[in-house]
Amino acid sequence: NAVELGPYRHYMQKEIFEQPRAIADTLEAVGDVTPGLFGEKAAEVFNDVDRILMIACGTSYYAALTSKYWLEGIAGIPCDVEIASEYRYRKSVPNPKTLVVTISQSGETADTLAALKHARDLGMTKTLTICNVATSAMVRESLLRYITRAGVEIGVASTKAFTTQLTALFLLTLCLAKVKGRLDPKDEAEYMRLLRHVPKAVSAVLALEPQVMAWAERFASKEDALFLGRGIHYPIALEGALKLKEISYIHAEAYPAGELKHGPLALVDESIPVVTVAPNDELLEKLKSNMKEVEARKGELYVFADADTGLESTEHIHVIRMPENYGPLSPILHVVPLQLLAYHTAFIRGNDVDKPRNLAKSVTTE
Ligand code: G6P
């Protein structure tokens, strides 16, 4: 292959470790927060939209779900997120003031491309794609675009494409917030400072690899795992579960922790690891009481906890300490150890990490 592996065993591992560089490159050409970042017509288009419709598949779909929290929370714009293969085949109510955002690593995923054309056929012509391949079909078919600079991604399980998509989606949020007059200059400067610091913050998280490897030893013999998150970290739990499924073939499900009592709690016993994404945010106390529900059923908790959460390891609670809470950008940090956990678990199980069975890097047929 033209891309060298260097010191890494697999492309996926290499790509996980490339994330600080990939995110920095994605931000490289960004000066001010301005619509121009998304294309010539962006200023005009952004002024005229009052809702967002995100369409994607797989990991890109989870990037979209994450950004819904930003778009509604920071920019105050209603945002719907649809799985491309569902959206294209259902009757929906088009609104011409919608910004239709497709998200794709490859820009060639058949369902996403068809969903984009479907939306346009319904009269929604304000289209934007966030894509890692500048020459792809989705970029050509869209009015506006943001090209992520992850570089070529070879591992079938997407990693650096995801975190660069999140980077682009956060920029989109700031841009729309600004156009709508909902971003005060002080906040803008602070958000941009945080965003530009993400590569460094991700590097610090990557240093946790040895601790995650020790957990992977235990996960390798499991057949099921549960992932919990709340709020904006729920999509991160979904992405963590997807990574584990894709390459380790361990059955994994993600739940918003508050939903435990409505079903998944019935699965909890000593045999099932419960991975918990625990940022130090406004939902922490709620999350802690959800963790108690797991503990009471003798579940084994594996917690990625920000500093200052007061969460400590005990007999049945295992804690890996993350850096301090990273505010709205915390999801970009919290997904990284979940990628590492899936990678090392799959490696220990002897799986073909870069080419998992039954899956393709880019699905260009329906
Ligand atoms: C396939 C890949 C996934 C990817 C999904 C969407 O299923 O295996 O890693 O997330 O397609 O691909 P896209 O290129 O549209 O982001």
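This is a predicted model: local features need pLDDT of at least 70, side-chain atom pairs count only at pLDDT 80 or more; totals for chains, interfaces and linings use all residues.

Me: At what angle do helix α2 and helix α8 pack?
Reply: Two packed helices are described by the angle between their axes and the distance between the axes. Here α2 covers residues 19-27 and α8 covers residues 160-179. Their axes lie 9 Å apart, and the packing angle is about 35 degrees.

Me: Is the crossing of α2 and α8 left-handed or right-handed?
Reply: The handedness describes how α2 passes α8. The crossing is right-handed.

Me: Which residues of α2 and α8 make the contact?
Reply: By class, the contact has 4 nonpolar, 5 polar and 1 charged residues. From α8 come Lys 160, Thr 163, Thr 164, Thr 167 and Ala 168. From α2 come Gln 19, Ala 22, Ile 23, Thr 26 and Leu 27.

Me: Why does Leu 195 count as buried?
Reply: Leu 195 is found in helix α9, residues 185-206. A residue is buried if 20 or more other C-beta atoms lie within 10 Å of its own. Leu 195 counts as buried because its number of C-beta neighbours inside 10 Å is 20.

Me: Which residues are in contact with Leu 195, leaving aside its neighbours within four places in sequence?
Reply: Met 12 is 183 residues from Leu 195 in sequence and 24 Å from it in space, C-alpha to C-alpha. With neighbours within four places set aside, the contacts of Leu 195 are Leu 27, Phe 170 and Leu 329.

Me: Which helix gives the most to the shell around the ligand?
Reply: The ligand is surrounded by 16 residues. The closest are Gly 58, Thr 59, Ser 104, Ser 106 and Thr 109. By class, the shell has 5 nonpolar, 10 polar and 1 charged residues. The top contributor, with 3 residues, is the helix at 58-73, α4.

Me: How does the reach of helix α6 compare with the span expected at 1.5 Å a residue?
Reply: Helix α6 runs over residues 110-121 and has 12 residues. From its first C-alpha to its last, α6 reaches 16 Å. That is close to the expected value, 16 Å.

Me: Which elements do the buried residues of α6 pack against?
Reply: The buried residues of α6 are Asp 111, Thr 112, Leu 113, Ala 115, Leu 116 and Ala 119. They pack against strands β1, β3 and β4, and against helices α5 and α7.

Me: Is His 118 exposed or partly exposed?
Reply: His 118 has its place in helix α6. His 118 has 19, so it is partly exposed.

Me: Which residues does Ser 85 touch, not counting those up to four places away in sequence?
Reply: Ser 85 is in helix α5. With 17 other C-beta atoms within 10 Å, Ser 85 is partly exposed. Ser 85 touches Cys 57 and Asp 111.

Me: How far apart in space are Ala 266 and Arg 297, C-alpha to C-alpha?
Reply: Ala 266 lies in the loop between β7 and β8. It counts as exposed, with 10 C-beta neighbours inside 10 Å. Ala 266 and Arg 297 are 31 residues apart in sequence, and their separation in space is 9.1 Å.

Me: What is the phi of Lys 298?
Reply: Most residues other than glycine have a negative phi, and most peptide bonds are trans. Lys 298 is in the loop between α12 and β9. It is exposed, with 12 other C-beta atoms within 10 Å. Its phi is positive, near 65 degrees.

Me: Is Asn 358 buried or exposed?
Reply: Asn 358 is found in the segment after α13. It is not a glycine, yet its phi is positive, at about 65 degrees. The number of C-beta neighbours inside 10 Å is 6, so Asn 358 counts as exposed.

How values were computed
Residues are numbered from 1 along each chain as its sequence is written. Axes are lines fitted to C-alpha atoms, for helices over the stretch in contact, and angles run from 0 to 180 degrees between N-to-C directions. Helices (H or I, at least four residues) and strands (E, at least two) are DSSP runs, numbered from the N terminus. A crossing is left-handed if the near helix is turned anticlockwise from the far one by less than a right angle, and right-handed if clockwise. Two residues are in contact if their C-beta atoms, placed from the backbone, lie within 7 Å. Ala, Val, Leu, Ile, Met, Phe, Trp, Tyr, Cys and Pro count as nonpolar, Asp, Glu, Lys and Arg as charged, and the others, Gly among them, as polar. A residue is near a molecule or strand if its C-beta atom, placed from the backbone, lies within 6 Å of it. The expected span of a helix is 1.5 Å times one less than its number of residues.
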